[in-house]
Amino acid sequence: MEIEKLNTVAEYLDALDQIDHLWESEPDTPEGEELDRLVTLVEAYEEEHYPMDKLQP
């Protein structure tokens, strides 16, 4: 999965499945780096498509 942005719900769900598969990967390994990349893509997708209201103190 070599993409720079998640554009569809299908890509988002696929990334979540891959994160689940890679969750216990060790840092500084190819799997750990892929996990970091996918988490970053999912976070960006969620910020764009599911924004959260800012909390008021």
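I started at D28, which sits in the loop between α1 and α2. Helices here are DSSP runs of H or I with at least four residues, numbered from the N terminus. This is a predicted model: local features need pLDDT of at least 70, side-chain atom pairs count only at pLDDT 80 or more, and totals for chains, interfaces and linings use all residues. Residues are numbered from 1 along each chain as its sequence is written, and side-chain values use heavy atoms, without hydrogens and water.

I checked the backbone of D28. Its phi is positive, about 60°, although D28 is not a glycine. Is D28 buried or exposed? D28 is exposed, because its relative accessibility is 75% (exposed is over 50%, buried under 20%, partly exposed in between; 1.4 Å probe, protein chains only).

Next I looked up ring pairs. Rings of Phe, Tyr and Trp (its six-membered ring) pair if their centres lie within 6.5 Å; planes under 30 degrees apart are stacked, over 60 edge-to-face, the rest tilted. I found three aromatic pairs by this rule. One of them is Y12 with Y45, stacked at 4.6 Å centre to centre and 20° between the planes. Y12 belongs to helix α1 (residues 9-22) and Y45 to helix α2 (residues 30-49), 33 residues apart. Y12 is buried at 10% relative accessible area. Y45 is buried too, at 4%. Y12, Y45 and Y50 make up one aromatic cluster.

Last, I went along α2. Its buried residues are G32, E34, L35, L38, L41, V42 and Y45. What covers them includes α1.

Conventions: Helices (H or I, at least four residues) and strands (E, at least two) are DSSP runs, numbered from the N terminus. Contact means heavy atoms within 4.5 Å.
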